[in-house]
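Please read the following briefing alongside the sequence and the model. The points are grouped by topic.

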Amino acid sequence: MSQGNACDICGGRHQDLLFMARDRLFGIEGEFPLVKCQECGLVYISPRPGFEEMGRFYPQEDYDLYNKAAGMTEKSMEELGRLQGPRKGRIDRYRTGGRLLDIGFGGGDFLRFMKECGWDVSGVDYNDRMVELASQELGIDARAGQLEDAGFDDASFDVVTLWGVLEHVQSPRETIAEIRRITADGALLVIYTQNAAAPEARLLGEDWFIYEAPRHLYSFDEHNLTRLLESEGFRVAEVVYETPLYYCQMNWQYLKERRLGRKGDVVHAPSVADRAAVKALSLYRRLVDGTPWSSAMTVFAVKGGAAARPGAAGAGETKEGSDAA
Ligand SMILES: [Zn+2]
């Protein structure tokens with residue numbers, strides 16, 4: 001593995017090859033070595049495709065799979081509230097207003113909802129079209145490209161959110177370092193990402209939907225993500241685990257395709273057999289949902305000092321030696 005990248009979190013150079021990953025979603029040509037750091041367990045693609053090359057992994061004609069641009073202005077606040085309200089609810093326990101930056105805002109639903117709720121919102125996204133739409137339709141400060149190139153002022157945000165974004169960036173460490181620069185002391189950082197420590201990841205291997213190569217360059221677990229955040233001056237206050245139903249559907253889709261050699265759209269046009277299979281997977285989902293065995297996690301971290309940890313249930317463990325309880 002001498003050609004590969006050092007670990008972005010611990011700098012380790014010793015990795016184990018998990019498997020040669022292929023693009024299961026769009027079928028784009030190529031094989032991508034997925035490795036696991038022997039030191040901190042970070043799972044990542046190595047060697048890593050560069051930022052320019054990543055452009056070809058997001059087919060423009062299929063971009064609506066990722067972003068429902070039209071919905072941004074049509075969606076009613078009620079519908080937005082149903083989808084985005086739970087996210088806001090968790091943030092409210094730390095802060096109920098201020099300057100918020102959403103990194104990788106995609107269709108802009110979260111930004112729109114938070115703006116309507118009185119927050120002063122800004123966004124940054126790779127997609128020029130989405131940035132233009134957000135600027136025009138929402139009248140907000142939306143910038144195109146990577147966060148590191150966006151040039152926001154020092155200490156200009158109270159809350160920064162990344163909903164399914166940190167796994168896509170070139171260097172999570174550089175991204176977190178930049179977030180540190182542009183946030184005020186005591187700012188809240190919210191990261192939603194997949195949980196590579198979920199037993200599903202080991203059991204399903206290359207059929208685990210959320211490895212999502214080559215668009216997901218990284219898969220974290222609570223411990224290595226905490227290590228990264230702490231080393232950049234953030235203190236993890238809470239980790240909330242969940243297993244979305246959509247993951248069950250996609251896991252079954254991939255299992256069916258590769259191991260049974262059968263096609264079909266499980267999410268939009270499930271057969272009777274598909275429904276039964278997803279139901280079975282959902283039983284497992286119900287068992288692990290909310291535990292550290294879940295396939296996704298949301299990490300709440302506070303910049304500097306001691307975190308104001310909310311008393312609510314669902315708080316995850318922090319690193320050994322921390323006084324959080
Ligand atoms: Zn490492």
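Strands β5 and β6 (residues 141–144) run parallel and are joined by four bridges; two strands count as paired if DSSP finds at least two bridges between them. Strands (E, at least two residues) and helices (H or I, at least four) are DSSP runs, numbered from the N terminus. This is a predicted model, in which local features need pLDDT of at least 70 and side-chain atom pairs count only at pLDDT 80 or more, while totals for chains, interfaces and linings use all residues. Residue numbers start from 1 along each chain as its sequence is written.

**Around β5**
- Asp125 is positioned opposite Ala144 of β6.
- From β5 the chain passes through helix α5 (residues 128–138) to β6, a right-handed β-α-β crossover; right-handed means that, with the strands pointing away from the viewer, the path from the first strand over the helix to the second runs clockwise.
- β5 also pairs with strand β4 (residues 99–103), in the parallel sense and over five bridges.
- Within that pairing, Ile103 has Val124 of β5 as its bridge partner.
- A right-handed β-α-β unit is formed by β4, helix α4 (residues 109–116) and β5.
- β5 (residues 120–125) is largely enclosed by the rest of the structure, because five of its six residues are buried. A residue is buried if 20 or more other C-beta atoms lie within 10 Å of its own, exposed if 12 or fewer, and partly exposed in between, with C-beta atoms placed from the backbone.

**The antiparallel sheet**
- Four strands form an open sheet in the order β1-β2-β3-β9, with antiparallel pairing.
- The edges are β1 (15–21) and β9 (218–219); each has a single partner strand, so one side of each lacks a neighbour in the sheet.
- β1 and strand β2 (residues 32–37) run antiparallel, joined by six bridges.
- Ala21 has Phe32 in β2 as its bridge partner.

**Helix α10**
- Helix α10 (residues 245–259) has 15 residues and spans 21 Å from its first C-alpha to its last, close to the 21 Å expected at 1.5 Å a residue; the expected span is 1.5 Å times one less than the number of residues.
- Buried residues of α10 include Tyr247, Met250 and Trp252.
- The buried residues of this helix pack against α8 (199–204) and α11 (272–288).

**Confidence**
- The chain's average pLDDT (the predictor's confidence in each residue, from 0 to 100) is 87, and 88% of the residues score at least 70.
- Residues 311–325 have pLDDT below 50, and this stretch has 15 contacts in the model beyond near neighbours in sequence; a contact requires C-beta atoms, placed from the backbone, within 7 Å.
- Where pLDDT is low, the predicted coordinates should not be read in detail.

Key. Contact = placed C-beta atoms within 7 Å.
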